[in-house]
Amino acid sequence: MGIDKIVGKPISRLEGREKVTGMAKYAAEYQADNLLHGYVVSSPITKGRIIDIDITKVIDIPGVVEVISHKNRPKLAWFDLQYTDMDAPPGTVFKPLYDENILYNGQPIALIIAKDFETARYGSTQIIFKFEEQDFQTVLKDNLTRARPAKKGFATALKPPPPPPTGDFENAFENAAIKVESEFQHGTEHHNPIELFATTTIFEGNGKLTIYDKTQGTINNQLFVANLFGLRYKDVRVLAPFVGGAFGSGLRPQYQLFLCVMAALHLKRNVRVVLDRKQMFSFSHRPPAIQKLRFASDINGRITALGHEVFAETSNFEDYTEPTASWSHRLYAAPNTLFEHHLIPLDVYTPMDMRAPGGSTALHAIECTMDELSYKLKIDPLDLRLINYSDMDPSAEKPYTSKALRACYLEAAEKFGWDKRSPEPGSMARGNKLVGYGMATGIWDAFQFPARVEAMISADGKLILNNATTDIGTGTLTIMTQIAADELGLNIADVDFRYGDSKKPFSMFQGGSATTSSTGVAIVIAARALRKKLVRKAGEMKDSPFKNVAAEQVVFKGGNLLLKEDMKTFISLKEIIAFNAGRPIKTTNMGKPHVLKLRKYSLATHSASFVEVEVDKDLGVVTVTRAVTAVAAGKIINPKTARSQILGSMIWGISKTLHEETIMDARLGKYINANLGEYHIPVHADIGELEVIFTEEKDDLINEIGTKGVGEIGLVAMPAAISNAIYHATGKRINKLPIHFDELF
Amino acid sequence: MRSCRLRMEAAMNSFEYKQAKDIPEALSLARADGTTTFVAGGTNLLDLWKYNITNPSQLIDINHLTELSEIRLLEDGVLMIGAGVRNAETAYHPIVEQNYPLLSRAILAGASPQIRNMATNGGNLLQRTRCYYFYDHEVPCNKRIPGSGCPAMSGYNRMHAILGTSEHCIAVFPSDMCVALAALDAVVNVTGPEGNRSIAFADFHRLPGDTPHLDNNLKEGELITAIKVPEKGFATNYAYLKLRDRHSYAFALVSVATGLALDGNRILEARIALGGVAHKPWRSLSAEAFLKGREANAENFAGAADLILKEAKGFGHNDFKIKLAKKAIIRNGLMALKPESQLPGAQPSA
């Protein structure tokens, strides 16, 4: 048709200027009349109970308005069910200030409310608690004997337990020609978005609340607040117009929301609560895990048995699981499999989804074990993957809607120069540095959640779209605008996507790399319905050439409707709205996955990462000098924002492998490096050349727009690719992350 | 049943702030009861204050003291560096770059550009340890509360000391700049209620012993005015190597400053100071004497390393530092023979 598509163009973030000039307002930046400030007091003990609280010195401080603890908190919802949120794992949701019991170190135990933040924080130093301490267990590896299966619940639907065994794993492994047995240890990681968790609650009166919150789900938190405090849904409005990173930590309402709303209702005042950086280590995190893998193959490298056993941390009150054990079988066929996921409840807060939950943990172990297998077989690691390449999903015995992983391997290998690798470990060097090449495979789910979008043409002929989704920093605003612009043949400037507001039509939480497909599909559905309405309305106009014309016979371009048959005949959107007495023409529609059709398929994104490291031969110092990641994720709506997603993930992969860990002191039962100085993430000097390839992958089955999501796939292959490169450089397999350089000399 | 109180050193947030216009005024404003803190860059003070580790009730701003703000060569060839000069200005000063490149390199290996632009030389000497347990006011720490115990000794001590430790404290002094100053035999000029005095660099910082709460030998009310660096700057053969868990903006696990005076490949004089291994920059005069007159090669640097590390003792997580320090001393010795082999960020030579 000769219409320039905006989808597929590297459009810069529409809100970029606002963000970099400080104009974008975050949850802690909304002002209100007589705003009060709450500061959370955190438990210094790990387990036990509060036996006394002395607040006399606090209430004497000028400017302190109230101190809320379990002793004087307002009455709360009685039943556990009312505490729940859309992403709650099976168990009992943690209730801040519920009673005197301390379940974990850093637990909120009081909220001090004052006229300003400084006074409230000062008040926190003047409150005196007496505790009775109890013995605690906070270290995974010391508690392996307490491992048990996870309880099942609502969240199990999205995070199913591993499938039952197939074939006869023990026998097959025992008698296999080639076998590898390995154990992996991962430490705790905290999300640490730069924006601190914060809530500003505006007490509107008449039982109404307007809440600015840091969240990855406005409606999730609206329901949480309304249920918990017995408010009507429509009286609670949660807004999150900008989110300064979240990485999964905003998928569940965090305790500052609860405390802020409680204080606002109790005092009938506007209240803000902001956590400090140390408190950012006092809730969700990626659980530490120990994984035991047993892979076997025949002498030609064909895999015959896959065994993957996981021991992961959870809290003593909820059973958090992330799908970890069975990923290998979605990549490689094997007649004999054994996958098990055990939980070990500890005296910590419940872990939570953190970018590529389960996948990043599992694929490090799986792809390092594959690497080890390749050395045993004396087969090139890439060749071993190709020998075991499966076009279908062996675990589900279903075809993928699309799978361009083979092309990912080949394109990335060529770009990287994999053919220049000399197979022997330690055989490549530059001066004082040993050089290693490593590669690994990535796979991640392609989720789509139901979403509703309201689409309308306003009097000025612009397209306005409404959806409750947040933009968690990935570029949602930009790509939704692109999708909508193409559907109505408009320029980007004529599309206004409005979001981040629970009052707007439904969106689930924004996680799992699902937002593009969820809200994007709903936009397409709504836009199609809107086109029909517009054509019908155009047909109602006097002497209209659009009378009885089907929507399919009309082209939308440049703010006009054109007859496909006769492109000189057109009518503008503005004229149609004028004909409609200036009233916008609108429609609200639901986009949802085609569950019945898709039941016959497996849905996944794939990637391949190739990494070069240098390791100092005397001192062990590791540098990731370059990395290439090829991603197959269906249609890429915006190559610029998508590339940023993959780059960020690749850097996170470097971080996870070489830097990042929250250190638990077993005797104190607390994290000891709870600050960004000592919780190491990479700095510029740690990052070499990174290259991203988007491998062509056309997918007409998966959804209306052929997208699969790119939020997590860039991370999953990197840790194994780096670890394998370190092995290739040094001959040392370090299966405990993060890898410290002193383990390499 | 145990019972404990939430430990919070009461930190009344209100404090008195005064700007001093010259040294006499700064000294006269200071209270004698230990509640005064001089502030210049304030980069570490802010951390300590926010974490409730320190709680000065009086701050005396010494940023405007012109007496502290210059770098100049004295007539006897000694370089005088003002205590109030910023770290970045010091590192990029032409005389420092030319005559004392070891000092310049060490400064640039520390912190971040933003912090180096703010932090002063005097403050660098007075920065406190980065021990996790020291910064957490909810847990015991002999440096914070003498007699309360040391959780680092049996806890996570990857960053901790292997030399000069005591049963009370295994914290390390985190500076890079001071490692070079120790190697260069600098002298610290101080002034105070009892007048001026000079302290040899080796005597400035303390080992923890029975008084882990004391980091240095500065007396109450004393102010550092300048650091004097002797003429001999080892500008021909020098190197600084810093080993850490990421390539920038992390404290040293082990760092080494090496200066060599050579006759051909024979060592006339050697200086080796270690950072990240003790409560102060660590030097061994016997190791330096061992190198005197010997060939500058890996074998002899290893011999010196053995002498330096003879008494080294690990505490579990930091056991690796003993082996690492030896390898670092050898590599840095070789790097000093080819100073151009040094990389930005004091990373190991290519």
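Visitor: Among contacts in chain A between residues at least 6 apart in sequence, what share joins residues at least 24 apart?
Guide: This is a predicted model, and the contacts counted here are those in chain A between residues at least 6 apart in sequence. Of these, the share that joins residues at least 24 apart is 82%.

Visitor: How many strands does chain A have, and what is its radius of gyration?
Guide: Chain A holds 17 helices together with 31 strands. The globule rule gives 27 Å for 745 residues, and chain A comes close to that value, so it is as compact as a globular protein of that length. Its C-alpha atoms fill a box of roughly 80 × 75 × 50 Å along the principal axes. The answers are therefore 31 strands and a radius of gyration of 27 Å.

Visitor: Which element gives the most to the side of chain A that touches chain B?
Guide: The contact draws 34 residues from chain A and 37 residues from chain B. On the side of chain A, the elements that give two or more residues are α3 (117-124) and β6 (128-133). The one that gives the most, with six residues, is β6(A).

Visitor: Is B:Leu291 buried or exposed?
Guide: B:Leu291 lies in helix α11 of chain B, which covers residues 285-291. Leaving aside residues up to four places away in sequence, B:Leu291 touches B:Ile267, B:Ala270, B:Asn300 and B:Ala304. A residue needs 20 or more other C-beta atoms within 10 Å to count as buried. Because B:Leu291 has 22 C-beta neighbours inside 10 Å, it is buried.

How values were computed: Residues numbered from 1 in each chain as written. Chains lettered and ligands numbered in written order. Predicted model: local features only at pLDDT ≥ 70, side-chain atom pairs only at ≥ 80, totals over all residues. Helix = DSSP H or I, 4+ residues; strand = E, 2+ residues; numbered from the N terminus. Buried ≥ 20, exposed ≤ 12 C-beta atoms within 10 Å, placed from the backbone. Contact = placed C-beta atoms within 7 Å. Rg over C-alpha atoms; globule rule 2.2 N^0.38 Å.
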